[in-house]
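Subject: Structure handover

Hello,

Here is the structure for you to take over. My notes on what was found follow it.

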Amino acid sequence: MVSTPRAPHRTPSAGAAGDSLAAVAADVAACRSCPRLVAWRERVAEEKRAAFRAETYWGRGVPGFGDPAARILVLGLAPAAHGANRTGRVFTGDRSGDWLYRAMYRAGLANQPTSHAADDGLRLAGAWVTAPVKCAPPDNAPLPAERDTCRPFLHRELALLADLRVVVCLGGFAHQIACQELGVRPRPRFAHLGEAVAPGGVVLLGSFHPSQQNTFTGRLTEPMLDAVFVRAVELAGMAATGAAPSSG
Ligand code: SF4
């Protein structure tokens, strides 16, 4: 068991009129709808990796993070077992997050290039980062039923991000979910820097996921990821100054 106190169980579809991103975050953190994932996230949190033995793992669903006025949504896959499942903040505490937030910093969307803990001072401007599956799955592979059970949380986030213009889809899984959520039919093939315009005008922009599998092999390089965020900023109609938000 995780040592943190357990909040009342919430289901993904608990949102309604008057919903808020804070309410989604609270519901995600309290959700226990997927027995396999709940067991896995808590087992990982209890057993820990040796390097993090002194830390208390988050061990729950990981909410989205960023600027509620975001024009750019960055959509991943699911929390990493010893990354976000440890720190409690999406893409925080692992190599994928290092790559992602470094690129967002260079694009002027983050106030710092590092992301190692939930209280490290990272702030985003014009961007929201989340995952369609909010709990760490074994082998980074959620089951279709788990993907579908968690979908309403993303649905609520999308409904609440009223200024959204671009969804950066990190990998084919995110691309598939974004196409379904935003009504892009027929679903175009996923491609790095591939673009598709949803009926409401939001642009889906593909990017290879900054997983170690992709970054170690050179399938995704830092210039390739920079090109994604340069294009996202352009599509979002934001000034491409490279100026990051202040950390104050
Ligand atoms: S994956 Fe989503 S629906 Fe399943 S337990 Fe986690 S937060 Fe709840």
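The shell around the ligand is made up of nine nonpolar residues, three polar ones and three charged ones. Please keep in mind that this is a predicted model. There are 15 residues around the ligand, and those that come nearest are Cys31, Cys34, Gly61, Cys135 and Cys150. Two helices, helix 2 (35-47) and helix 5 (144-160), each contribute at least two residues to this shell. The most comes from helix 5, which gives three residues.

On the overall fold: the protein contains eight helices and six strands. Their order along the sequence is α-α-β-β-α-α-β-α-β-α-β-β-α-α. The C-alpha atoms occupy a box of roughly 45 × 40 × 35 Å along the principal axes. For the radius of gyration, the protein has 17 Å, which agrees with the value near 18 Å that a compact globule of 248 residues would have. Of the contacts with a sequence separation of 6 or more, 66% are between residues 24 or more positions apart.

On the interior: 46% of the 248 residues are buried. The largest nonpolar core holds 69 residues, and the members that touch the most others in it are Ile72, Leu73, Leu75, Met104, Val167 and Val168. With neighbours within four places in sequence left aside, Ile72 is in contact with Leu109, Gly126, Ala127, Val166, Val168, Ala232 and Ala236.

Gly88 sits in the loop that runs between helix 3 (84-87) and helix 4 (95-106). Is Gly88 buried or exposed? Gly88 counts as buried, because 23 C-beta neighbours lie inside 10 Å and the cut-off for a buried residue is 20 or more. Between Gly88 and Pro63 the C-alpha to C-alpha distance is 8.0 Å, with 25 residues separating the two in sequence.

Regards

How values were computed
Residues are numbered from 1 along each chain as its sequence is written. This is a predicted model: local features need pLDDT of at least 70, side-chain atom pairs count only at pLDDT 80 or more; totals for chains, interfaces and linings use all residues. A residue is near a molecule or strand if its C-beta atom, placed from the backbone, lies within 6 Å of it. Helices (H or I, at least four residues) and strands (E, at least two) are DSSP runs, numbered from the N terminus. Ala, Val, Leu, Ile, Met, Phe, Trp, Tyr, Cys and Pro count as nonpolar, Asp, Glu, Lys and Arg as charged, and the others, Gly among them, as polar. A nonpolar core is a set of buried Ala, Val, Leu, Ile, Met, Phe, Trp, Tyr and Cys residues joined through C-beta atoms within 7 Å. A residue is buried if 20 or more other C-beta atoms lie within 10 Å of its own, exposed if 12 or fewer, and partly exposed in between; C-beta atoms are placed from the backbone. Two residues are in contact if their C-beta atoms, placed from the backbone, lie within 7 Å. The radius of gyration is taken over C-alpha atoms; the globule rule is 2.2 Å times the number of residues to the power 0.38.
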